[in-house]
Amino acid sequence: LAQGAPFFSPCAVLEAAGRMGIDIIAGGRLKKKQREAKTEDPYVQLLCRLHKFLARRSDSKFNKVVCKRLNMSARNRPPLSLSKISKNMVNKEGKIAVVVGKVTDDKRLLEVPQVSVCALQFTETARARILKAGGECITFDQLALRSPLGKGTVLLRGPKAREAERHFGKAPGVPNSTTAPYVRSKGRKFEKARGRRRSRGFKV
């Protein structure tokens with residue numbers, strides 16, 4: 001020790017460290033934080049609280065999925081058209097189609113079947129066509145009273161149509177991957193050799 005330097009016994013240092021605790025701010029205790037909706041809509045905020053409660057107090061996977069989707073950003077809650085709903089509700093009489101998002105009209109669909117739909121929003125024409133066909137449009141709080149555990153429901157969601165979504169997922173070239181690579185140009189010379197054609201070794 002240098003002359004005049006203070007002496008700390010190892011026991012005193014350990015005791016002081018135990019008293020001070022851990023530095024949580026600098027990255028001590030990390031907890032997995034679930035995404036929370038950033039919307040200021042009081043109705044959506046109440047729905048998030050309701051389904052969080054139902055997911056916690058029951059073993060229903062339906063409520064866990066709905067709670068997760070309610071907390072998603074609008075980009076991850078794409079709209080679903082009436083034609084997709086009618087296609088997915090074939091031979092499912094008496095069941096409720098549940099969409100955590102918006103339901104839109106499809107002019108290509110000539111006949112709308114009689115179906116019960118629960119969604120966050122409906123376009124005016126979609127609502128009118130569902131009601132005219134003898135179906136019903138219900139809200140998530142009405143669904144929670146009818147079927148708290150999600151029995152008798154069909155959970156649907158719209159397609160993610162952004163171009164960027166094609167590049168997400170398993171790396172391009174990995175077996176069973178359908179992910180599109182980022183290519184400078186789609187032509188004869190660009191990523192068309194080994195791994196992309198059977199005549200050049202193998203094709204993924």
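Modeller: A residue is called buried at under 20% relative accessible area, exposed at over 50%, and partly exposed in between (1.4 Å probe, protein chains only). This is a predicted model, in which local features need pLDDT of at least 70 and side-chain atom pairs pLDDT 80 or more, while totals for chains, interfaces and linings use all residues. Residues are numbered from 1 along each chain as its sequence is written, and side-chain values use heavy atoms, without hydrogens and water.

The account is built around strand S3, which covers residues 116–122. Helices (H or I, at least four residues) and strands (E, at least two) are DSSP runs, numbered from the N terminus. Six of the seven residues of S3 are buried, so that the strand is mostly covered.

Two other strands pair with S3 (DSSP must find at least two bridges). Strand S2 pairs with S3 in the parallel sense, over six bridges. In that pairing, Ile-96 stands opposite Ser-116 of S3. Strand S4, residues 136–138, also runs parallel to S3, and three bridges join the two. Here the bridge partner of Ser-116 is Glu-136 of S4.

Glu-136 leads on to a salt bridge, that is, a side-chain nitrogen of Lys or Arg within 4 Å of a carboxyl oxygen of Asp or Glu. Arg-146 is the partner of Glu-136, and their closest N and O atoms are 2.9 Å apart. Because Arg-146 belongs to helix H6 (residues 140–146) and Glu-136 to strand S4, this pair ties together parts that are ten residues apart in sequence. Glu-136 is partly exposed at 27% relative accessibility, and Arg-146 is partly exposed at 46%.

The structure holds five salt bridges. Another of them joins Arg-108 to Asp-106, with the closest N and O atoms 3.0 Å apart. Arg-108 is exposed, with a relative accessible area of 72%, whereas Asp-106 is buried, with a relative accessible area of 8%.

The buried residues of H2 are Val-44, Leu-47, Cys-48, His-51, Leu-54 and Ala-55. Because these residues cover an arc of only 135° around the axis, they lie on the same side of H2; the arc is taken from the directions of the C-beta atoms from the helix axis. The cover over this side includes helix H3 (61–70), S3 and H6, where contact means heavy atoms within 4.5 Å. On the face turned away from the buried side, H2 carries the exposed residues Pro-42, Leu-46, Arg-49, Arg-56 and Arg-57.

Most residues other than glycine have a negative phi. Asn-91, which is not glycine, has a positive phi, near 60°. Asn-91 is exposed, with a relative accessible area of 68%. Glu-191, in the segment after strand S5 (153–156), likewise has a positive phi, near 50°. Glu-191 counts as partly exposed, at 44% relative accessibility.
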